[in-house]
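Hello,

Here is the structure we talked about. My notes on it follow below.

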Amino acid sequence: MSPYVLTLLLFSLGLGTTMTFASSHWLLAWIGLELNTLAIIPLMAQNHHPRAVEATTKYFLIQASAAAVLLFAATTNAWLTGQWNIQAVAHPLPIAMATLALALKLGLAPLHSWMPEVFQGLDLTTGLILATWQKLAPLALLIQIQPPTPYLLIFLGVASTLIGGWGGLNQTQLRKMLAYSSTAHLGWMILVLQFNPSLTLLAMSVYIPTTTATFLTLKLAKATNINMLAISWAKAPALAALTPLVLLSLAGLPPLTGFMPKWLILQELSKQGLALTATLTALTALLSLYYYLRLTYAMALTMSPNNITGTPPWRLWSRQPALPLACLTVTTVSLLPLTPAALALVAL
């Protein structure tokens with residue numbers, strides 16, 4: 001792809017997300033979401049592979065359906081209330097439709113079934129954009145609207161954590177596993193959204209560098225399934241030693257950084273009198289922990305067989321920049337002691 005075209009597409013991605021962030025009018029927010037979708041479609045189909053074209057088509061159809069439902073919800077709200085302001089949604093019908101449309105865009109369960117297939121057809125770089133940047137604009141709209149009943153978001157959150165953990169258990173493809181991981185993490189964010197939106201932003205700010213470090217590690221190792229992780233020790237021994245910490249941080253295991261948002265979310269749910277929901281959500285995190293442990297075992301405790309004993313593969317120098325991955329790894333692993341500072345920033 002031409003650098004000028006790539007720059008234009010990335011600029012359109014940023015412009016669409018920024019437009020949705022800054023808008024208080026439903027039409028402007030909808031235009032920002034559509035600009036975001038149209039900008040990423042050429043990035044998804046740039047490989048000219050049948051799987052990439054299939055994934056792009058699926059993504060376009062799903063996002064177009066969600067955008068149509070969202071526009072219908074905004075029109076219904078304008079018909080019922082006479083206003084196009086996002087914060088002026090008062091009737092439960094358009095709120096429910098808009099929430100479900102945004103859940104479809106985010107890939108929340110039970111509207112998640114498109115995500116694993118789309119992720120499987122993409123390269124890791126485009127999958128990283130889809131797992132991180134594309135979640136920001138719909139999540140910003142969800143924060144602005146207030147659902148009529150808390151049970152809708154609680155159902156979406158618990159279902160996402162459960163299915164996101166359950167669906168990744170029998171997977172061998174890393175991209176599908178990361179898609180289910182994204183669904184599970186978004187479920188944690190949605191659970192606490194209506195009680196403490198600042199915790200949702202904190203969880204997203206921890207999720208983005210952790211997921212970015214995971215995607216960049218897999219890209220550096222050129223791994224697409226679990227078996228390919230076994231030879232990563234010969235390509236980059238130091239990275240193979242640190243990657244299990246990144247994966248366990250993504251699972252939310254203490255004392256790593258990923259434990260911080262889950263701990264605070266469970267605390268907030270307990271304060272709101274939802275102890276049963278907090279307990280169920282904590283149990284569903286064990287499902288996600290299991291398949292992260294599978295990846296850790298495949299990378300750190302298995303060895304690829306060689307035809308000649310003691311002959312490792314050639315260790316070629318990687319041309320990819322290592323500094324961003326090193327910074328992301330440190331962020332993923334060692335920010336838990338800064339929890340009081342993060343809480344102070346959240347309180348502001």
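Lys58 and Glu54 sit four residues apart in helix H3, which is about one turn of that helix. Please keep in mind that this is a predicted model. The side chains of Lys58 and Glu54 form a salt bridge, with N and O 3.0 Å apart. Glu54 also meets the side chain of Arg51 in a salt bridge, at 3.8 Å from N to O. Arg51 and Glu54 are three residues apart in helix H3 (residues 50-81), so about one helical turn separates them. Arg51, Glu54 and Lys58 are therefore linked in a network of salt bridges, as a salt bridge here is a Lys or Arg side-chain nitrogen within 4 Å of a carboxyl oxygen of Asp or Glu.

The search of the whole structure gives three salt bridges. One of them joins Glu117 and Lys176, with the closest N and O atoms 3.5 Å apart. Glu117 belongs to helix H5 (residues 114-120) and Lys176 to helix H9 (residues 174-191), so this pair ties together parts that are 59 residues apart in sequence. Glu117 is partly exposed at 32% relative accessible area, whereas Lys176 counts as buried at 19%. The cut-off matters for Lys176, because buried means under 20%.

On to the aromatic side chains. In one of them, the ring centres of Phe259 and Trp263 are 5.7 Å apart and the planes are at 10°, so the pair is stacked. Phe259 and Trp263 are four residues apart in helix H13 (residues 259-271), about one turn of the helix. Phe259 is partly exposed at 24% relative accessibility, and Trp263 is partly exposed at 41%. Another pair is Tyr291 with Tyr292: their ring centres are 5.0 Å apart and their planes at 45°, so this pair is tilted. Tyr291 and Tyr292 are both buried.

Last, the annotation. The unreviewed UniProt entry marks several stretches as "transmembrane region", including residues 57-80 and 233-253. In the model, residues 57-80 are 100% helix and 0% strand, with the end C-alpha atoms 35 Å apart. Residues 233-253 are 86% helix and 0% strand, and there the end C-alpha atoms are 23 Å apart.

Regards

How values were computed
Residues numbered from 1 in each chain as written. Predicted model: local features only at pLDDT ≥ 70, side-chain atom pairs only at ≥ 80, totals over all residues. Heavy atoms only, no water. UniProt positions renumbered as here; feature names shortened; annotations may be inferred. Helix = DSSP H or I, 4+ residues; strand = E, 2+ residues; numbered from the N terminus. Phe/Tyr/Trp six-rings, centres within 6.5 Å; stacked < 30°, edge-to-face > 60°. Buried < 20%, exposed > 50% of the residue type's maximum accessible area, 1.4 Å probe, protein only.
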